[in-house]
Amino acid sequence: MTEERTQVSQDEDQREIRIANVVGDRAVEDRGPVEVVFRLDDVHVSYGSFLALRGVNLEISKNQITAFIGPSGCGKSTLIRCLNRMNDLIPGARVEGKIHYHGQDLYGDGVDPVEVRRRIGMVFQKPNPFPKSIYENIAFGPRVIGMRPDSMDELVERSLRGAALWDEVKDKLKQNALSLSGGQQQRLCIARAIAVAPDVILMDEPCSALDPMSTGRIEDLMEELKRDYTIVIVTHNMQQAARVSDRTAFFTAEAAPGTGDRTGLLVEFDQTDAIFTHPADQRTEDYVTGRFG
Amino acid sequence: MTASAEVLAPSRLRRGASRTGFKIFVDAAFAALLFMGTIVGVIALATLIWTIFDQGWERLVADPAGFLSNYVSRLPARAGIRAALVGSAYLMVLTALFTFPVGVGAAIYLEEFAPRNRVTNFVEANIANLAGVPSVVYGLLGLGIFARFLRMGPSLLAGALTLTVMSLPVVIVAAREAIRAVPEGIRLGAYALGATKWQTVSRQVLPAAMPGTLTGTILALSRAIGETAPLLVIGLPIVIFSLPNDLRDPVSALPLLIFDWTSRPQPAFAAAAAAASIILLALLLAMNAVAIFLRNRYTIRW
Amino acid sequence: MSSRPPRSSSPAGDRPPAGGDSPSIARQGKRTGERVIITALFTCAVLSVAVTVGIVAVLLVDTVSFFSQSGLVEFLTGTVWAPGAGAGEGGQYGMLPLLSGTLMIGVGSIVVGLPLGLLTAIYLSEYANPRVRGVLKPTLEILAGIPTVIVGFFALQFITPDLLRRIFGDDRVFIFNAAAGSIAVGLMILPIIASISEDAMRAVPSSLREAAFGLGASKRQVSLRVVVPAALSGISASVILAFSRAVGETMAVTIAAGNTPTMTWNYFESIQTLTASIAQTVRGEVAAGTVRYDALFALGMTLFLLTLVMNLVSARIVRRYRQVYS
């Protein structure tokens with residue numbers, strides 16, 4: 001593989017070295033036996049007659065950050081929304097294959113999507129705080145799922161600390177959440193998500209609507225959060241995936257023969273440093289070196 | 001081919017260079033016509049209000065306490081709007097109590113819970129049609145069903161139910177628009193936390209939609225309060241000397257009284273009708289002011 | 001340091017702890033409370049259907065009863081409306097005079113309301129600056145909100161004596177006349193035409209205007225030759241809607257146009273509309289079950305059908321024009 005690399009232009013070499021440095025800077029953790037949170041077996045997702053995603057096989061491990069990367073339209077958001085059954089809200093959405101969550105079939109009979117979402121939280125691309133006070137934003141989740149904390153004030157504080165937002169808002173908890181900046185709103189949404197004590201936090205392009213400073217803060221936050229939660233993140237930003245994630249899944253879209261419809265598929269799934277420094281598939285290499293997408 | 005120097009001369013760019021004087025005149029005349037046409041409506045409104053005040057103000061200030069607290073009388077000088085004013089107030093409160101929950105409930109169902117099928121489409125088309133039914137036909141509905149078939153007679157209850165039924169389409173439309181204006185992200189955020197649909201609707205969507213819904217409801221009610229025909233048809237009395245104690249008691253209404261006094265030949269009654277109109281307009285102004293205040297103060301700027 | 005909020009102390013068996021050790025995602029309880037609520041909401045929505053059923057039923061029952069006592073042919077073609085005294089037997093129930101009265105008011109109010117409304121709409125949409133609009137639009141809304149009894153009073157106390165009679169003379173203009181009624185109703189429908197037409201005009205894409213301006217057209221030409229034709233379906237819909245409103249209008253015409261069922265085309269004479277006839281009848285004592293009582297519902301049925309057809313046509317036009325731009 002290194003021989004192929006020598007054909008690449010000098011700019012691309014520089015970029016690879018940068019990525020390799022970033023990846024290499026992260027301490028290699030001694031993980032020991034890793035618990036699997038999600039196992040996807042041959043998952044296909046379609047909307048009506050349109051096949052959006054096919055043949056996905058992967059595993060999400062506990063207390064790790066798994067990133068989904070790839071060009072637009074290859075089903076990354078579709079897939080992540082299947083993990084907490086938010087896809088159910090789209091009429092005509094259908095999931096085939098199996099998604100196992102801690103061994104249970106996520107789409108099995110008798111499974112309640114509401115219960116699923118209590119354990120698998122989500123942060124969205126555009127921050128969506130409720131038009132209420134900061135306090136009420138955090139308190140809403142625990143109240144509706146029936147948590148009865150000994151002290152809601154403490155729960156709110158802990159959640160805000162967990163999202164690295166407490167110091168900035170501790171004196172204005174009653175203020176309307178919409179008055180916060182974009183980055184603060186997104187951290188508020190993270191605090192809101194962790195207030196219900198989830199198992200997994202899904203993040204669908206959480207930083208794409210934010211400025212670089214806020215993005216950096218949230219990336220730092222993710223490092224802390226993964227100690228307690230399992231995180232899956234969809235991102236358009238390759239460098240972000242390289243910086244933050246432990247494992248990366250690369251998706252692409254290919255046109256079905258005959259129709260013009262493009263169906264997403266999983267190309268490669270591996271440790272992040274492998275994906276970025278020595279990917280197994282040519283398509284992955286083309287993407288991470290910037291030759292396309 | 002080069003253009004001739006004449007065509008490109010700077011003088012050709014001045015206003016009117018290629019348009020004839022006549023055309024310029026026509027353009028200006030048209031603009032003036034538009035303005036005048038618009039002004040006619042404004043002038044008509046001003047004249048209307050002036051007429052009401054010109055004929056009614058003296059009557060009103062001559063004896064305001066008496067006018068407000070007297071019952072009707074054969075003598076215009078002694079006639080008052082007490083029964084009618086109180087009746088209208090009661091009708092308004094009851095109509096609000098009936099219309100708001102049913103209207104908002106229907107709006108929530110149609111916006112948040114109804115599946116997209118033929119039944120839903122039919123219900124929606126039906127509501128749109130009801131909005132265009134003349135008020136006098138609602139009066140006939142009230143007469144035939146509430147007053148007679150359900151034996152309520154010309155009572156406060158029958159009147160309120162008739163006005164409710166008439167106001168429902170308007171309230172439903174207003175509430176639906178307010179609910180639709182709540183961004184989808186709010187719902188998604190709530191679902192993602194594990195809230196059920198009803199929890200999301202009742203605790204996030206509806207509170208956010210409330211200012212718009214309330215504004216629309218108040219405006220619908222202010223229209224209902226000025227309605228005469230339905231109350232006339234179900235037979236609410238004009239001559240009545242008591243205030244209602246019970247839902248089944250007969251009740252009068254301000255527009256009914258205005259209608260009656262207007263129909264009398266004596267000029268003194270015309271003055272009384274105008275005075276009562278001032279009161280009615282003041283009531284409407286107050287309600288609309290409240291509605292606009294609510295809208296400006298509490299609408300969420302996303 | 002764990003920044004995770006501690007597990008809540010939920011009552012035993014209430015809900016398995018979130019996160020970690022094999023959390024069960026099976027349905028917890030049936031959530032019957034929600035089902036009840038959704039059913040209640042559904043009932044509210046369906047109530048509207050009940051209202052329509054009620055209207056149709058009430059009108060139909062007594063209309064049928066009416067036609068069992070008085071002829072359908074006479075109703076549709078008779079030119080005299082003269083309910084008999086008392087129970088109403090022996091009266092003549094031809095509704096053509098009332099229909100002609102209604103049409104006179106309808107057409108008359110459009111003659112007043114359409115030009116004024118359209119001019120206002122063009123002005124607001126194409127010419128007026130935001131400040132002027134900010135004053136004019138609320139004014140229109142106020143005009144629309146004036147109760148019809150008060151407009152009727154205005155017609156009787158000003159339009160007829162100080163306007164019509166002053167211009168045309170006392171001997172030509174009756175005290176109650178169709179012209180005053182038309183002007184009154186015209187003022188009431190002016191806001192409808194103005195508002196809906198203005199919306200339709202503003203919905204015309206500015207690219208069309210810009211293309212015309214770019215060719216050197218004046219504002220007048222752009223308004224009349226580009227915008228109005230493009231918004232024509234919206235404008236037509238507003239006119240039909242306004243006409244429907246005029247047909248259903250009761251109080252203003254009852255007060256101003258009179259209570260004389262007659263087959264005249266003279267706008268200075270007193271007439272009676274379908275709606276005014278209903279209003280006049282109920283002011284007297286009407287015993288239920290009599291011909292005179294049932295006649296009310298036959299008239300109501302006529303009104304209902306007329307306005308229903310017009311509203312459906314208007315809605316169909318609106319739907320078509322919305323498709324063109326979306």
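A residue is called buried here if 20 or more other C-beta atoms lie within 10 Å of its own, exposed if 12 or fewer, and partly exposed in between, with C-beta atoms placed from the backbone. By that rule, the buried residues of helix α11 of chain B are B:Leu254, B:Pro255, B:Leu256, B:Leu257, B:Ile258, B:Phe259, B:Asp260, B:Trp261 and B:Thr262. This is a predicted model, in which local features need pLDDT of at least 70 and side-chain atom pairs count only at pLDDT 80 or more, while totals for chains, interfaces and linings use all residues. Residues are numbered from 1 along each chain as its sequence is written, and chains are lettered from A and ligands numbered from 1 in the order in which they are written. Helices (H or I, at least four residues) and strands (E, at least two) are DSSP runs, numbered from the N terminus.

**The sheet of chain A**

- Ten strands make up an open sheet with mixed pairing, in the order β5-β4-β1-β2-β10-β9-β3-β8-β7-β6; two strands pair if DSSP finds at least two bridges between them.
- At the edges stand β5 (104-105) and β6 (120-123) of chain A, each with a single partner strand, so one side of each has no neighbour in the sheet.
- Strand β4 (residues 93-101) of chain A pairs with β5(A) in the antiparallel sense over two bridges, and A:His100 stands opposite A:Asp105 in β5(A).
- Helix α3 (residues 76-83) of chain A packs on the sheet, and its direction makes about 155° with that of β8(A); such angles run from 0 to 180 degrees between N-to-C directions, with axes being lines fitted to C-alpha atoms, for helices over the stretch in contact.
- Helix α8(A) also packs on the sheet, touching β6 and β7 of chain A, with its direction at about 170° to that of β6(A).

**Strand β3 of chain A**

- Five of the five residues of β3(A) (residues 65-69) are buried, so the strand is largely enclosed by the rest of the structure.
- With β9 (residues 247-255) of chain A, β3(A) pairs in the parallel sense over four bridges, and A:Thr66 stands opposite A:Arg247.

**Helices α2 and α12 of chain B**

- The axes of α2(B) and α12(B) are 7 Å apart and the two helices pack at an angle of about 95°.
- The pair is therefore roughly perpendicular, a label for angles of 65 to 115 degrees, with under 35 counting as roughly parallel, over 145 as roughly antiparallel and the rest as oblique.
- Among the residues that meet are B:Phe53 and B:Trp57 in α2(B) and B:Ala271 and B:Ile278 in α12(B); residues are in contact if their C-beta atoms, placed from the backbone, lie within 7 Å.
- By class, this contact of α2(B) with α12(B) has ten nonpolar, three polar and one charged residues, where Ala, Val, Leu, Ile, Met, Phe, Trp, Tyr, Cys and Pro count as nonpolar, Asp, Glu, Lys and Arg as charged, and the others, Gly among them, as polar.

**Where chains B and C meet**

- Chain B brings 66 residues to the contact and chain C brings 68 residues.
- On the side of chain B that touches chain C, helix α2 (residues 21-62) of chain B gives the most, with 19 residues.
- Helix α11(B) (residues 254-262) is covered by parts that include α4 (82-113), α10 (229-234) and α12 (267-298) of chain B, together with α5 (148-168) and α10 (251-256) of chain C.

Key. Contact = placed C-beta atoms within 7 Å.
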